[in-house]
Amino acid sequence: MSTLTPPRSGKARPLPAPEAPRPPRRFRRSAARSRAALGALYATPTAVMVGLFFLVPLVLVGWMSLHKWPLLGAPTMNMPDNYTRIADNELVESAVWFTVKYTVLMTVLLFAVAFGLALLVQQRRRGVGFLRTAFLLPMAVGFASASLLFLGLLSDEIGPISDLLRKLGVIDGYVSWTSGSSESALGSAMVLVLWRFAGFNMLILLTGLQAIPLEVYEAARIDGASRWQTFRRVTIPLMRPTIALVLTMMITGSLLAFDQFWILTRGGPDNSTTSLVMVIYREAFIRLDLGSAAAISVALLAVLVVFNVIQLGVLRRRS
Amino acid sequence: MTRSSLTSRWSYYITGTALAILFLSPLLWSGWASLRTGTGFGLENYDRLFTSDNGIRVHHVVNSLTVSALTVAGTLLVATLGGYAFGRFRFPGRDLLFLLTLAILMVPYATILIALYVLLGWIGLQDSLIGLSLVLIMFQLPFSIFMMRNSFEAVPRELEESAQVDGCNSVSTLLRIMLPAVKPGLVTVGLFAFLTSWSEFFAPLILLNSTDQFTTTLAVVNMRTASHGSIDYAALEAGVVFMAVPCLLLFAFMQRSYVRGFTSGALKG
């Protein structure tokens, strides 16, 4: 805030008396200056919060990644060790592959379902409000609670799913959905995420769909375009920024997957559903090696920043 | 009405109803499962939720309420002042600070929480509800500052100027004239801050160590992780319902601002 004084005027002058016939420019400038000071004052809490709890930790995580940093005790510099050890860490390797696989599958499926729902509830018809609310309601349940809900729902003890499928003859005997096999554990987590997040993504796609002017559709109809042609040539191109946004959020969210695996599958069976963020947690609070956790965080952060920059590029090209 | 439009209407209603049932059934099931007991229906599962060794205690609920209250109050305070500054004033560094605030969106939770854990230890806020709330406030800032800036920008300038002509100073203009005008924004920001802080799991998991400081979410999840072997699923579902009911009620009453909030925030953030 000390940089507020413009260089030319030197020291702040006393406010000119209103009745004195002064040149209006100087009066305006000094009023603007005090208004700027006031604005900066109002912005101070934001600046403190952003500086202390965002910028400092951002630098700190980089600094920590260069050190052997035990949970208790003094840190010592071990420059590239934390990074080189990432390559040797087998759990990191399997977690990277699992996280990438999960991200690809989840993004494709979630996008398809969310877009389908958005198209379904796009037009104003009777009952559409009820449908939108029904798809959105899972969003009100916290993600951790939703994971616990599914843990019970999929359990053999109180859950209805296994009973239902047994009656239908799809399965026989006991099946453990969340820890039986790596495929069923992954599938359980994906169904959970679909249930919880489809409505949210539907809503964002819906606002994108509704931003397309009706005249464009009318023009397409007059030109004799079929429904599919209209969808491919009008809807999809005009939706590009929204689609880019939704896809980036899905990819970022999936790369950071934690709650669903921590709670629902506990990373198992045999670490087959251990995500990268679970590895970060494990390195820090189970193996008590904060430096190594910081190094993985920095690597993950770098990937995410690249994704976000690409997204911004796509969005900006449009506008 | 032509035959094809009739068919498409029927297929719309059948698909819609089937999907609505699919989406609502887990919620309804958890309510049902939390009430079902060995002999019929009752509150036994809730009783076990609050009394069994691994269950939740009153102080967990108090912790959750404390964190939510601090987060909502702090977010509203910082975002109101910041939104006013960004929406109505020009000052050096304004654009940079706004950009930095939005950049929080680009750096997700999981990657800096390790550093926040160390940082809170340095300033004596490790394992404290205040420290957790400060972190949650910071993560709320991109959305809430953006929301409040837009709200303040939408207020006509004449309103503010006429208040100043009438002799209001800046603070009383903000309190008496501007705040009532941006109330819808404040409601949305507050609602979001509450829903996030009430059900947040990862940040408390990392920043809180002692079970005395646990929030309800942590305590309920702990019922699963602390139990070796058998899990009391019925009590777990009671916990899920207990956590979800306040959010569902708020959602039902304020669906409009909830929906408007996260679309406007998400689309431009």
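How much area is buried between chain B and chain A, and what share of that area do carbon and sulfur atoms give? In this predicted model, the buried area comes to about 7,600 Å², and carbon and sulfur atoms supply 80% of it. As a bit of background, an interface's size is often quoted as the accessible area lost when the parts come together. Counted by residues, the interface brings 86 residues of chain B into contact with 87 residues of chain A.

On the side of chain B that touches chain A, helix H1 (residues 3-35) of chain B provides the largest share, with 16 residues. Sorted by class, that side of chain B holds 65 nonpolar residues, along with 14 polar and seven charged ones.

Thr103(A) sits in helix H3 of chain A, which covers residues 90-120. Is Thr103(A) buried or exposed? Thr103(A) counts as buried because its relative accessibility is 7%, and the cut-off for buried is under 20%. Setting aside neighbours within four places in sequence, Thr103(A) is in contact with Ile251(A), Ser254(A) and Leu255(A).

Definitions and conventions. Residues are numbered from 1 along each chain as its sequence is written. Chains are lettered from A and ligands numbered from 1 in the order in which they are written. This is a predicted model: local features need pLDDT of at least 70, side-chain atom pairs count only at pLDDT 80 or more; totals for chains, interfaces and linings use all residues. Side-chain values use heavy atoms; hydrogens and water are left out. Contact means heavy atoms within 4.5 Å. Buried area is the accessible area (1.4 Å probe) that two parts lose on being put together, summed over both. Helices (H or I, at least four residues) and strands (E, at least two) are DSSP runs, numbered from the N terminus. Ala, Val, Leu, Ile, Met, Phe, Trp, Tyr, Cys and Pro count as nonpolar, Asp, Glu, Lys and Arg as charged, and the others, Gly among them, as polar. Buried means under 20% relative accessible area, exposed over 50%, partly exposed in between (1.4 Å probe, protein chains only).
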